[in-house]
Amino acid sequence: MRRARSAGPIRSLPVALTLACSLACGGGAGGPGPETPAAWERFGSPDWVAIHDPERAWYGVNLGLSWRRVPILFDANGRVVHAWPEARVKSRVRLLPDGHLLGIGLGRDVVEYDWEGQPVWSWMREDLLPHHDLRRLDNGNTLVITAADGDPADRLVEIDPAGRIVWEWRAGEHLAEWLEERGVELVGDATHVNSVQVLPENRHHDAGDRRFRPGNLLISARNLHAVFVIDRETGEPVWFFDHELDKQHEALMTPSGWPGAGRIQLFDNGYGNRYTYRRSEILEIEPATGEVVWAYRSDDFFSPTGGVQQALPNGNVLIGSTRGGRVFEVDRKGEIVWQWTPPFDPVRPHRYPWDHCPQLAARTPPRPVPVTPPRGYRYVDKRVYQFTPRGGLREVVIDGRRRTFLAANDDCRRLLLPADAVATVRYGLAKRNALRAGHADLVVRFALRLQPEGSDRPIELFADTVDLTGGTWRGWNLDLAEHSLRWVELCVATEILSPSPGGDAGSFAFWEVPYIQPGGAAVESEQPDSLQPLTPEELAARQQHLRTLGYVD
């Protein structure tokens, strides 16, 4: 095994960053190696493919992270083609032309595994944390986005096979003038670079525009709401686009010979509209003019964080709506021609041709099978009907246990309800806390109201009066199917009946976050015993990585 400054032993199982869900096991596709297809079936299922139009979708093999972050290759019908159950990765993975897997490891390491899952190379430096993206360059070196301890701006580092940093780019130095012009201070997670691409051959450079010289670097800096082209020789930004972007991801130039060649696509998250209309967009930009020449947007598409897109050779676009809970492919008309909806948040999927590496080229691709959804089928991304994003919550200690509630007892949210929507609501009184404060006569009325868009009056779904004489915590499951696939305003309301509303008794009444899900949603269950629990070190590495990504405070 080749190793550059060892990151320590690579353990046998990947980190879990998503909820463990019960998985239906579908038919797997076989492949060379010691493992049998049955060993991989638990990482995927044909049931997760909701739409597939073989006539319009681009048929390749998909690389993704399954539950517990196991890297998998799966075909258009969700059948697992190959898996790396022993790989220890937590975010971006890339399939190399020799069949090796390159990824970001659990802590501060970059890792590489062969086709059979054996570790063959790793790199780590204790003062640098790799995150978001990495690339294997044509010269055999590896380009990685890193966060340096004590530096609020990211760094790109190029590492040779021996583990030496042979090139480094510091955002804080080379973007200083750009930042100063816009009054941006280098504090906290100032740049949050989340993608890097080596520019391919392109028509702009062919026409004499040296800004787009192949080999220059295209990066997305999420917290600057901007994408840049960086001159590889000088390190200076030579092109940027920042018109009305909102915490975007995945800036990529489309290769020559493909529809839209030379244009730059990106995933504009729309993080700032998470309290209002909740919508993300895929934008395609003509770099010479800065004009948005194509876009995909839909009321049911929203991933306020995460998310990727990938231009495909037939002109379609593969979209990974991470927080929305699906991966889907659209044609240039914006019609969905393939969709994968696993029971976990999909992370940075990528599609490869079947001849991308010798191991895939040696097998016959499985026959694609059409999947036609039921009439009227419509998937709504989970974050479109989430009642409250992070920030609308508070933690309270009740009876010695810390619990999470809505920050406001009277709160409304505009939501697009999913199909056959069901709402679970829980609420109640902190009995011991109220009694200690002298509020033995506390009486509170809880109500949930829904107002469909276009209606001039709300519907009271239920109202319940709670006092301290009996059970003080209650819950309801409410069928909202008649309002499915409609925009509504959903409101929780709390009225203190006794003592008088002028008192402070309201601090003892609480709503849990209303939980909305589509009908027939998978029921969460325990993870199989065959996967070992994470060690304390792995849990700490997971938390550190999520903090760097901006997903936890």
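Which residue in β31 stands opposite Arg 449? Keep that in mind while you look through these close-ups of a predicted model.

**View 1. β30 and its neighbour β31.** The residue facing Arg 449 is Glu 460, which belongs to β31. These two strands, β30 and β31, run antiparallel to each other and share 8 bridges. Between them sits a hairpin with 6 residues separating the strands, and there Gly 454 takes a positive phi near 95°.

**View 2. β30 alongside β33.** β30 also pairs with β33, again in the antiparallel sense, this time over 10 bridges. To find your place in this pairing, look for Phe 446: its bridge partner in β33 is Thr 494.

**View 3. The largest nonpolar core.** Here's a set of 35 residues, in which Leu 429, Leu 442, Phe 446 and Trp 511 touch the most other members. The largest share, 5 residues, comes from β33.

**View 4. Zooming in on Trp 511.** Leaving aside residues up to four places away in sequence, Trp 511 touches quite a list of partners, including Phe 405, Leu 406 and Asn 409. Val 425, Arg 426 and Tyr 427 are among its contacts too, along with Phe 462. Trp 511 also touches Phe 446 and Thr 494, the two bridge partners from View 2.

Methods: Residues numbered from 1 in each chain as written. Predicted model: local features only at pLDDT ≥ 70, side-chain atom pairs only at ≥ 80, totals over all residues. Heavy atoms only, no water. Core = buried A, V, L, I, M, F, W, Y, C linked by side-chain atoms within 4.5 Å. Buried < 20%, exposed > 50% of the residue type's maximum accessible area, 1.4 Å probe, protein only. Helix = DSSP H or I, 4+ residues; strand = E, 2+ residues; numbered from the N terminus. Contact = heavy atoms within 4.5 Å. Pairing = 2+ DSSP bridges.
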